[in-house]
Amino acid sequence: AKFTLEEYNTYEESLKIFRDWKNVIDTAELKGRMQEKNGIARQMKVKGYPVEAISELTGLSEEGIASL
């Protein structure tokens, strides 16, 4: 595109803001998924599921499940 220097700088700044917000949202979603997995693993552990099965079904490490 044929941006002026000012237009180009404005465009680059808007890209930076977009990427920052995208990273914030992606991080929040990842944290939410991990909290959900931990909650499910905790419930499975309380119900007596073997740690190996919980790990296989949730994708969490056996060490992480043992510490719940």
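At 44% relative accessibility, Lys16 counts as partly exposed. This and all other values here come from a predicted model.

**View 1. Lys16 and Asp20 form a salt bridge.** The closest N and O atoms of the pair are 3.1 Å apart. Both residues belong to helix H1, where they stand 4 residues apart, so about one helical turn separates them. Asp20 is partly exposed, with a relative accessibility of 37%. Side chains of opposite charge can pair when their charged atoms come close. The contact counts as a salt bridge because a Lys nitrogen within 4 Å of an Asp carboxyl oxygen meets the cut-off.

**View 2. Lys22 and Asp26 are joined by a salt bridge between their side chains.** The N to O distance is 3.0 Å. These two residues are also 4 residues apart in helix H1, which means that about one helical turn lies between Lys22 and Asp26. Lys22 has a relative accessibility of 41% and is partly exposed. Asp26 is partly exposed as well, at 31%. How many salt bridges does a search of the whole structure find? The search finds 2.

**View 3. Phe3, Leu5, Tyr8 and Tyr11 make a nonpolar surface patch.** The patch covers about 430 Å². One of its members, Tyr11, lies in helix H1, which spans residues 5–46. Is Tyr11 buried or partly exposed? Tyr11 has a relative accessible area of 38%, so this residue is partly exposed.

Conventions: Residues are numbered from 1 along each chain as its sequence is written. This is a predicted model: local features need pLDDT of at least 70, side-chain atom pairs count only at pLDDT 80 or more; totals for chains, interfaces and linings use all residues. Side-chain values use heavy atoms; hydrogens and water are left out. Patches are made of residues with over 30% relative accessible area and no salt bridge: like charges are joined within 9 Å, nonpolar side chains (Val, Leu, Ile, Met, Phe, Trp, Tyr) within 5 Å. Accessible areas come from the Shrake-Rupley method with a 1.4 Å probe; for residues, only the protein chains shown count as cover. Buried means under 20% relative accessible area, exposed over 50%, partly exposed in between (1.4 Å probe, protein chains only).
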